[in-house]
Amino acid sequence: MKSFGEKKMVRKMGFIADQAGIMNRYLRERDHWKTHLQNTKQFILDCFDGKKIRHLAILGSGWLLDLPLKELSDKYDHITLADVCHPAQIVKKTEKYNNISLIETDLSGGGMEFCWSLRKAKGEHFSKYILEDFEPQKPKIPGKPDAYISLNLLNQLDILLVDYLKKKNGRITGGEIKKFRKAVQEFHLDWITEKPGCLITDVQETILNSDGDSEEKKLIYTDLPKATRSTEWTWDFDLSGIYHEGYETRMKVQALEWD
Ligand SMILES: C[S@@+](CC[C@H](N)C(=O)[O-])C[C@H]1O[C@@H](n2cnc3c(N)ncnc32)[C@H](O)[C@@H]1O
């Protein structure tokens, strides 16, 4: 049987291409990403101090660029890496750890199937806001983790779904999309804050053209959890001007931990 990550839906919705895009951007921007990756790793290493956490689930593990894998494997009894798909190199890399397992699943709580099923449902938009029908279900992570780390995933959950819908179903309205983004993000945060956890997420994108004109775009549509520890930094995400053609793109990143 095909794994979740091998499904046609996953490929057709652009998730595999998006992962390849992350790696390509990393290879181009490696020096600019150093601080962001280091800050993320350090924040994670400092998490759960004095708490009894045995099994940690990492949500949005991808290429593990921002994850101190070896240190976490030494520190915790078990680590589950969760993503829509695990690149073959990561499957290979993690084989040697006997306390790391991988799971492929939709961490948006079913948003992928929901948007996939809407790709041809164009007529219904004349009579109702169809995105309001989304009823997310908690993703199932085997082995009952004691804590979650949401790893540069939160705004990716809605962006990838909405980009797909915009391409496939042009009748969805701006207001409806905003509500959907909020619902997806809120659901993720409600789910992960049921346990001790940590969230690392882009919260704002700034694009800057060569004339020095800049534009800011918020990426978060709901309130972030109350933190017991938090920090923020700027990520020099794309200084080559490829993500937004001709513009440098930087992200404001927030990292939070809660009990
Ligand atoms: C920006 S990356 C995070 C960086 C990642 N830790 C790395 O080093 O590649 C976001 C990750 O979330 C995953 N992702 C996005 N939407 C998802 C979803 N609905 N379910 C599961 N994973 C998802 C992507 O496949 C990607 O690997």
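**Exercise 1.** Find which backbone and side-chain atoms make polar contacts with the ligand (pairs of N or O atoms within 3.5 Å).

*Solution.* Start with Leu65: one of its backbone N or O atoms lies 2.8 Å from an oxygen atom of the ligand. Next, look at Ser61, where a backbone N or O atom is 3.1 Å from a ligand nitrogen atom. Then go to Asp83, whose side chain has an N or O atom 2.6 Å from an oxygen atom of the ligand. Now for the cover: on its own the ligand has 590 Å² of accessible area, and the protein covers 96% of that (Shrake-Rupley method, 1.4 Å probe).

A quick word on the model: it's predicted, so local features need pLDDT of at least 70 and side-chain atom pairs count only at pLDDT 80 or more, while totals for chains, interfaces and linings use all residues. Residues are numbered from 1 along each chain as its sequence is written, and side-chain values use heavy atoms, leaving out hydrogens and water.

**Exercise 2.** Describe the shell around the ligand by class.

*Solution.* Sort the residues first: 12 are nonpolar, eight polar and three charged. Then pick out those that come nearest among the 23: Trp63, Leu65, Asp66, Asp83 and Leu107. Last, check the helices: α2 (15-45) and α6 (154-168) each supply at least two shell residues.

**Exercise 3.** Is Asp83 buried or exposed?

*Solution.* Locate Asp83 in strand β2 (residues 78-83). Its relative accessible area is 10%, so Asp83 is buried (under 20%; exposed is over 50%, partly exposed in between; 1.4 Å probe, protein chains only). Finally, compare Leu107: it's 24 residues from Asp83 along the chain, yet their C-alpha atoms are 7.2 Å apart.

Notes:
A residue is near a molecule or strand if one of its heavy atoms lies within 4 Å of it. A polar contact is a pair of N or O atoms within 3.5 Å; within protein, one must be able to donate a hydrogen and the other to accept it, and residues adjacent in sequence count only if both atoms are side-chain atoms. Helices (H or I, at least four residues) and strands (E, at least two) are DSSP runs, numbered from the N terminus. Ala, Val, Leu, Ile, Met, Phe, Trp, Tyr, Cys and Pro count as nonpolar, Asp, Glu, Lys and Arg as charged, and the others, Gly among them, as polar.
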